Amino acid sequence: MDDDVALVELAGVSKTYGGVRAVRSVDFTVRAGEVHALLGENGAGKSTLMKVLSGEVTAEEGAIRIGGVPVRFARPADAQRAGVAMIHQELDLVPALSVAENVFLGREPHTRYGVLDRKRMVRDTAALLARSGVDLDATVAVERLRTGEQQLVTIAKALSLNAQILIMDEPTSALSPREVEQLFTVIDQLRTSGVALVYISHRMEEIGRVADRATVLRNGEVVAEFAARELTATQVAEAMVGRPVVQMFTAETKPSESDHVLVVDELVVTPRAGRREPAGVSLKVGAGEIVGVAGLLGSGRTELLETLYGASPGTITGGEIRLGGRPYRPRSPRDALRHGVAFVPEDRRVSGLALDHSVLANTVLSIVGTLARFGVVAAGREREIARAEAGRLGVKLRTPADPVGTLSGGNQQKVVIARALLTEPQLLVLDEPTRGVDVGAKAEIYRILGEVAQTGVGILLASSEPAELVGVCDRVVVLRGGKSVHELDTALAGEGELLAASMGDVR
């Protein structure tokens, strides 16, 4: 790799939305065969900068050079012709179509007689997959693939455009550890072939593993650049937020001596295809206690939480659940809410929010029935509650009337949590509460959970991040194969012990 020549160069790029400067005079380069990580809080300008590079938006100021040649993109097709491709966090694949049909969608080759050349599509797709070291059947429907395999299909699709500059936005957010390693192997092969990669992620362990350099944005400006392999989470956090970060995980809780809010004893749920239902889960959550749920992909974490919230399609066939000392078998989410159980789902954009509706509507949705008098809800009262919750949880917004989809990921997650807390639950259940949010928003969410626990609410938190579980929770219950197999006291055990227990080593 030539250290002096950048394959792609952004110089003095600025972009404004509605009078707000999203990106301000940013310089950013990527060399051939380099992985350059782009870091920053949600709203720091990462997405805008990459939209400029991929042709989705046009900058008012600055220049783009590809291979030293000035270019200007009016639309994504212009960027693709110049060798730039972007893989978004939400994969843009058509599930019912085959791998080959997705790769060549909109650019299908035809024979000399004008007939769709399916053999060529399959042959060329197989070659693209092989280039990335991927062994997939090009004729299989995408909907039959695992998420990690679908991610690799999007890479093959980008390579079919002869992409020499590949932008990856949170590419591992929905992948299992095994799929992550497979993706990293593909990235290493792309690097060797001279492809320049921009890698956007909130996961620090990935940056050190895959990136060469890391640039941090704050408020639309470049504030730091690091050699990625020498980078620490503290350095990034302090650069992102602009102040010292004393402790990443700050939820301070003291387990209550009162009766347990939740007792689950050998819970069994009828299995369903594609789901790992509880098959012998036992755990307890005390008032004012944060209990974590750990386990590898397929361990049954999400299925357990959905069962407790009455959202599981399965039927409880064994064991017992006691809530507040009384038998509890939720028939539906509405029934769970009536019993004082609130749930923050794993995917806020799909299951947690109505993105086109206002912050106000999304916040008060859980209590709108209690606000109505004679069938009418006072708009002033709704606004008052929404503003109060936004202030209490530190939601950054212009006005509660704004669509919730316009907020950053961290602020969207705070809205989901606010809605759950408005029901005044005795048990708060959260599934991956900090997935896809930046380090600053994570710290804020941990602060919120600590304050909620101190009011006596029991909290059950499932996460795939060992550092989060160890740092936030009082105890962690480990699931494997739908069963609870171990419990760790986080005052005595660390991330290594938790990972070992999740993988089957319970020494």
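Predicted model: local features only at pLDDT ≥ 70, side-chain atom pairs only at ≥ 80, totals over all residues.
Student: Which ones are they?
Tutor: The buried residues in α1 are Lys-46, Thr-48, Leu-49, Met-50, Val-52 and Leu-53.

Student: Which residues other than glycine have a positive phi?
Tutor: One of them is Glu-170, which has a positive phi of about 45 degrees although it is not a glycine, and another is Glu-266, whose phi is positive and near 50 degrees. As background, most residues other than glycine have a negative phi.

Student: Where do those two sit, and is each one buried, partly exposed or exposed?
Tutor: Glu-170 is in the loop between β7 (165-169) and α6 (177-192), and with a relative accessible area of 6% Glu-170 is buried. Glu-266 belongs to strand β11, residues 260-269, and at 46% relative accessibility Glu-266 counts as partly exposed.

Student: New topic: at what angle do α4 and α5 pack?
Tutor: Helix α4 (residues 118-131) and helix α5 (residues 147-160) pack at an angle of about 110 degrees, and their axes are 9 Å apart. That makes α4 roughly perpendicular to α5, since angles of 65 to 115 degrees carry that name, those under 35 count as roughly parallel, those over 145 as roughly antiparallel, and the rest as oblique. The axes are lines fitted to C-alpha atoms, for helices over the stretch in contact, and the angles run from 0 to 180 degrees between N-to-C directions.

Student: Which residues meet there?
Tutor: From α4, Leu-128, Leu-129 and Arg-131 meet Ala-156, Leu-159 and Ser-160 of α5, where contact means heavy atoms within 4.5 Å. By class, this contact of α4 with α5 has four nonpolar, one polar and one charged residues. In that scheme Ala, Val, Leu, Ile, Met, Phe, Trp, Tyr, Cys and Pro are nonpolar, Asp, Glu, Lys and Arg are charged, and the others, Gly among them, are polar.

Student: What about aromatic pairs, how many are counted?
Tutor: The count comes to one aromatic pair, under a rule that pairs rings of Phe, Tyr and Trp (its six-membered ring) if their centres lie within 6.5 Å, with planes under 30 degrees apart called stacked, over 60 edge-to-face and the rest tilted. The rings belong to Tyr-309 and Phe-343, whose centres are 5.1 Å apart and whose planes stand at 40 degrees, so the pair is tilted.

Student: Which parts does that pair tie together?
Tutor: Tyr-309 lies in the loop between α9 (301-308) and β14 (316-323) while Phe-343 lies in strand β16 (residues 341-344), so the pair ties together parts that are 34 residues apart in sequence. Both Tyr-309 and Phe-343 are buried.

Student: And which charged end sits over a ring?
Tutor: The charged end of Lys-15 sits over the ring of Tyr-17, at 5.3 Å from its centre; the rule asks for NZ of Lys or CZ of Arg within 6 Å of the ring centre and within 35 degrees of the ring normal.

Student: Last one: where is Leu-488, and what does it touch?
Tutor: Leu-488 is in strand β22, residues 483-489, and at 11% relative accessibility Leu-488 counts as buried. Not counting residues up to four places away in sequence, Leu-488 touches Asp-474, Arg-475, Val-476, Ala-493, Glu-497 and Leu-498. Leu-488 and Leu-498 are ten residues apart in sequence and 7.4 Å apart in space, C-alpha to C-alpha.

Definitions and conventions:
Residues numbered from 1 in each chain as written. Heavy atoms only, no water. Helix = DSSP H or I, 4+ residues; strand = E, 2+ residues; numbered from the N terminus. Buried < 20%, exposed > 50% of the residue type's maximum accessible area, 1.4 Å probe, protein only.
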